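Hello,

Here is the structure I promised to pass on. Please have a look at it first; my notes follow below.

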Amino acid sequence: MKAYHKVLMIVAALSLGLLFMFPMWKIYLKAPQYPEGLELHIWVNKLGGSSDHVLQNFNILNHYIGMEPIHAESFAELTYMPYIVIAFMITGVIVALIGKAKLVLTWTVLLMVGGAAGILDFYLWLVKFGTNLSPEAPIKVPGMTYIPPLLGHKTLLNFEALSLPALGSLGILLAVVFSGIVYFLSRRSDKANKPVNSNKAFAT
């Protein structure tokens, strides 16, 4: 692996640091009580919002439809996910220093699998909160569930919900793209530098 391949692989690994600098996902919620809208931020290690009381206001709205309160302590993933991200960052740098194309491919595939597992876990969160509703809810519609969208817009009674990736998710995308480029460049370089076998048998 050439020197600039290693540098690009290190950049790929360190791109995951964006997950600690910006939210991974954002959920916008607009309701008659909050016409200006609420913006919930989901980080790799915490929950937050565009203002101090966003999570509290989310829970106030959720109370009306019987959804259980949302608290960071309810999600074990927010405790161990940061360590998984740090492990990917460290191993990515180690892979760059070793300089083996197969290790780059393995790291990239594992990162993609981890990202897919994270999206699935997030969807299961939404299903859990949107379907396990209290029978004592002030607003009850028979057969109605309130699963927010995983991606895109959805209308839930008089609520408008919009779910989108945030800047933190860009770190995962950059890591996958850069490491994928490193793998293909390294493979091409290895093939170009492969010695040609000059001992050929000629037919008589």
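The radius of gyration of the protein chain is 23 Å, whereas a compact globule of 204 residues would come out near 17 Å. Keep in mind that this is a predicted model. The C-alpha trace tells more about the overall form: along its principal axes it spans about 90 × 40 × 30 Å.

Next, the secondary structure. The protein chain has 6 helices and 5 strands. Starting at the N terminus, their order is α-α-β-β-β-α-α-α-β-β-α.

On contacts and burial: take the contacts between residues at least 6 apart in sequence. Of these, 66% join residues at least 24 apart. Buried residues make up 38% of the 204 in the protein chain.

Now the surface and the charges. The accessible surface is about 12,000 Å². Carbon and sulfur atoms account for 67% of that area. The protein chain carries 15 positive side chains and 10 negative ones. The centres of these two sets are 25 Å apart.

Last, confidence. Mean pLDDT for the protein chain is 85, with 92% of residues at 70 or more. Among the elements, helix H2 (residues 18-21) has the highest mean, 95. Helix H3 (residues 54-65) has the lowest, a mean of 80. Residues 200-204 are another matter: pLDDT stays under 50 there. The model gives that stretch 0 contacts beyond four places in sequence. Where pLDDT is low, predicted coordinates should not be read in detail.

Best regards

How values were computed
Residues are numbered from 1 along each chain as its sequence is written. Side-chain values use heavy atoms; hydrogens and water are left out. Helices (H or I, at least four residues) and strands (E, at least two) are DSSP runs, numbered from the N terminus. The radius of gyration is taken over C-alpha atoms; the globule rule is 2.2 Å times the number of residues to the power 0.38. Buried means under 20% relative accessible area, exposed over 50%, partly exposed in between (1.4 Å probe, protein chains only). Contact means heavy atoms within 4.5 Å. Accessible areas come from the Shrake-Rupley method with a 1.4 Å probe; for residues, only the protein chains shown count as cover. Lys and Arg count as positive and Asp and Glu as negative; His and the chain ends are not counted. The place of a charge is taken as NZ of Lys, CZ of Arg, CG of Asp or CD of Glu. pLDDT is the predictor's confidence in each residue, from 0 to 100.
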